[in-house]
Amino acid sequence: MANRQRPPPAAARQPSPDSDLVDEEIVFDRRSLRLMIPDLFTQLPPVRDALVTETSRVQDETVSVCLPSLSGEDESVEYNGHGVPGLSRERHVNFLRKSLGKLPGAYVAADASRPWYLYWCLSALTMLGEDVTSYRESVVATARSMQNDSGGFGGGGRQLSHMATTYAVVLALALVGGDEAYEVVDRKAMWRWLCSLKQPDGGFQVCLGGEEDIRGAYCAAVIVTLLRLPLDLTPESPAWTGDSSVNLLTGVADYVRRCQTFEGGISGQPNAEAHGAYAFCALGCLALLGHPARIIPSYLDVPRLIAWLSSRQYAPEGGLSGRTNKLVDGCYSHWVGGCFPLIEACLGTSSSRITGDVAVGDPAATSSTSTTRSKARLPPAEESLFSREGLIRYILCCCQDQSRRGGLRDKPGKNSDPYHTNYVLSGLSSAQHQWELDEPEETAASEGAADAVWAVLPYLDGVQIFDNKDRVRPIHPVYAIPQQNVRAMKEYFQQKQGF
Amino acid sequence: MPSKRKAVASKKIKATENSDPSSASPPNSDRDTASTSTGTTPAAALPSTNNGNTDSILDRSKARFALARPYDTLLQQKGGALSALTPAEQSAWLSARIASRLARRPVFASSTAASPPSSNSGSSFGRDLRGAACGGGPKTLKEVWRTVNEASLPLRAAAVPLVKGLEEGISVKEFEARWERKVWLTCSDVASRCFKEKRERERRGEREEKTGERVIVTGQEIFEETGRRQQMAALRTELYGGGVRKDGKLAADPEWDDVVPVVLEEPEGALAAIAYPPEYAEAMSYLRAVMQAKEHSPRCLRLTEHIIGMNPAHYTVWLYRAANVFALKLPILDEIAWLNEVALENLKNYQIWHHRHLLVENYFPTIASDPAAISAFAASEREFLRQILAEDTKNYHVWSYRSYLVGKLGQFDSAEELQAIEAMIDEDVRNNSAWSHRFFLVFSNPEHATPGVAATEPDPKVPQAVVDREVDYAKGKILLAPQNQSGWNYLRGALVKGGRKLGTVEEFASGFVKGLGQGEEGEQVQSTHALDLLAEIYAEKGDKEKADLSLRRLGQKWDRIRVGYWEWRRKCLETPA
């Protein structure tokens, strides 16, 4: 075990007003002093342990690579008065358009995740204000080539249908919109396929013979609600009991509940470690099964979850990490950052106090064993539960690839990629906006909150550290694509008779 | 290398005896070209020119070209004008030209399709002949052949064109060596076709005409064919360069002859289309074919390995591999041993872990009633997990698999498992994955865990001795690094599981916070997590004021990035429970 003293990271020398400053250090810090950057984002945290371990070593390294960007030290970058660079829209757009084009042979490892490239790039372009309807024809052709007669979409032609790639294709079709795109989906086969993945314990396999995890549950909930699929089970489904009250969404919320860990966060499957990506899947899934204000407190220990989510934000980085004692990563701007609008909706506003009882009509409530959970009244979050300024600083200072390549990334020193570009922008979007949800009606229909009306506004409280032109478009807090795209797709299938 | 050469040589002798050149190895291209003059090469049988020392094959080709056209050469020598030739020479020159054209004409081609001969002929005889060539009657043609015959013109040699392209600049010796290799290639091709034919007859269940026995392709024949195709592929590249379409690894493998690969064309305008390396594209086309045929066989297993080597993230291939392993009833432990290597080479891949999960699901029933076998398997898995976690201490999929394995093999009470985790926490006390696993081992142990109780809820069945032990363990580790949240989360989790008040650790937590609210100088916080817990403890005791102060100080000074959360917590104090 290492017992060495833990020195401050190289870039983190902090001039203290009491000490004699040498000239070099004054020069070192002058730029950041001229800019309005709170010392919270330029200095090491006040409490640090001396013990060095692998975890503290990589954490210190990360702080070292982030500090120059956070302190306005990068000579090649233009900062505003708050020490924040602008969003390089044009370069990011170019990066995304390129990623949709022909990819070189080295991308062979992405052969089973091409639908993700479609979703990430189209979604990110949309948030950047680009019109993606010109991609409609290509998306239609690409999606068709990936659909299987037995339902669902694979990672490419003749690949097994997978929950994740199907989710990505459906969202890509919603993003380009239009009847032609919607009509690509063989909904009857899709419904049969989803039934074949539904497990008796409430969860979903990600593909036939594949693993069962909370991603499967979230993706299934998104697919079922967007495509307006029937909830009935086929007799071939592993979850079929003959009892007509048992349907596609039965037991899903219970499955989600079993994934909450002692830390308060959510794991990918029961008994594993709490992880940011699964927190979003859990909350997103619940928010589609019922009204967030009712269903989330019914199945999850909300105070512990909030404590865990809040612990994901670090200073001075300002960004979010995915697990306890892990490093910040731009993608958690969405996976963790995207949980806050859902949590805030769950807490409601001061005018509406939710007690957390599950409405009888909630499909997920019928088989619940957890309605005995104590219903402590929680106050609404009048202010943000996380530091929007910190996250926005991390995103704009540390996550932009400032070279000609463009795109967004995990952290300085890493390459940009479509995955990070999309999820960093999603996180930026949720940090720049606030969402309000209509009040749950006492007689909630079985559709749950799938039709809940979310109202979005730009977030205007406090000091705005970014320029107005750098505000990206808002996205639906659950489906993570613009609200009008969600509405248009749902309405299209709503009007259809049968499949 | 010497042994290889020897083998090749002996094989060649045998081949000569069998007069089957195709089973011999190809002429060695890097050997001393002097050996081509030993007279064993077909090149030696070529009509030699009067200039055997010609350096370039182009020179020799030109010389032969001239020899085959004696009257053209004569014409050139006399300045190029037909009038310089005698009438007899003129007549012979023209006949030669016409005859060579006629000789090259397709047998059944219509005479009108023949192109007219050179128009610079001035003699009337020439005009007659031209008429003949353009469709004259048999009589005029007879005249041409008579002239040609009398002049003993080398018509057949004249049909050989000048060398062009690749071969133009090479020496005669090189050309001869090349020629030899071309002959070998042709012979091999014939042999290869014979092999395929025999394969096809075997498939149809035919019998040998002479013996009446079933046609069977032996392993030796397949082995030889494999080698032959490799040599043919190499030779084609050597002779014709990389521009020639090369057969892929599988197309060249006789084992795959019966499979028609399913090639997928991307639709027009396909997005994020990958320019697949040829080897990958070929393998995938064979995979589609065998998956479609639902074939499960050793060669399919090898194919999946081949593809996984190029793209380990291909979930379809992994599931198909598992199906093969189970259908062929292969020893699971062999597959696990293979998988260990793949896993260590692909640390970030997670398909590997589901594959392992499937293997264990399949394997466990065979050892379920044998505790010794279970222990042995658990031990070998633990050893492998130790290795892989040494490379990547917080790998999420490895840890998820580990918790699955503990449940499956019932290792909750295994001292080795607990020790392995303690060793990892000793190595890095901030390894939260290890802490999480410990919590699972202790508090999900079916011996004393109530099914259905949530992770953040008290479980009355957990023995208090266990809670004591875990609380002490966490405290000990917190002392090493008080700002390590893993230890505090564990401590709080253990207290809640044991149904204990958080206040039972107030004294311990207070040790990390001094002089709260006593100004910048007096206030010392060694752990924000201790202060967080103290705020809860004060609230639990009903000391709202102190709780509020703790939360305020966290937001103001000690953990400012989370000020929004600390403020919300302060509001929680106001809300009646």
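Reader: Where is the place of A:Pro316?

Author: Happy to! A:Pro316 sits in the loop between α13 (302–310) and α14 (332–335) of chain A; helices here are DSSP runs of H or I with at least four residues, strands are runs of E with at least two, and both are numbered from the N terminus. This is a predicted model, in which local features need pLDDT of at least 70 and side-chain atom pairs pLDDT 80 or more, while totals for chains, interfaces and linings use all residues. Residues count from 1 along each chain as written, chains are lettered from A and ligands numbered from 1 in written order, and side-chain values use heavy atoms, without hydrogens or water.

The peptide bond leading from A:Ala315 into A:Pro316 is cis, with omega near 10°. Most residues other than glycine have a negative phi, and most peptide bonds are trans. A:Asn325 is buried, at 18% relative accessible area (buried is under 20%, exposed over 50%, partly exposed in between, with a 1.4 Å probe and protein chains only). B:Ala272 lies in the loop between α9 (219–240) and α10 (278–292) of chain B and is buried, at 0%.

Now for the aromatic residues of chain A. One aromatic cluster takes in A:Trp335, A:Tyr107, A:Tyr117, A:Tyr218 and A:Phe280, among others. Rings of Phe, Tyr and Trp (its six-membered ring) pair when their centres lie within 6.5 Å; planes under 30 degrees apart are stacked, over 60 edge-to-face, and the rest tilted. A:Tyr107 and A:Tyr117 have centres 6.3 Å apart and planes at 80°, so they are edge-to-face. A:Tyr107 is partly exposed at 31%, while A:Tyr117 is buried at 11%. A:Tyr218 and A:Phe280 are edge-to-face too, with centres 5.7 Å apart and planes at 75°. That pair joins helix α9 (residues 214–226) to helix α11 (residues 276–289) of chain A, 62 residues apart. Both A:Tyr218 and A:Phe280 are buried.

A charge can also sit over a ring, if NZ of Lys or CZ of Arg is within 6 Å of the ring centre and within 35 degrees of the ring normal. A:Arg312 does this over the face of A:Trp308, at 4.8 Å from the ring centre. In chain B, B:Arg299 lies over B:Trp256 at 4.7 Å.

Next, the nonpolar core, a set of buried Ala, Val, Leu, Ile, Met, Phe, Trp, Tyr and Cys residues joined through side-chain atoms within 4.5 Å. The largest has 257 residues, and A:Tyr119, A:Leu194 and B:Leu491 are among those with the most contacts inside it. Leaving aside residues up to four places away in sequence, A:Leu194 touches partners including A:Met163, A:Phe204 and A:Leu248 (contact means heavy atoms within 4.5 Å).

Finally, the two chains meet through 93 residues from chain A and 76 residues from chain B. Together they bury about 6,800 Å², with carbon and sulfur atoms giving 56%; buried area is the accessible area (1.4 Å probe) that two parts lose on being put together, summed over both. A:Val47, A:Arg158 and A:Phe262 supply 12% of what chain A buries against chain B, more than any other three residues.
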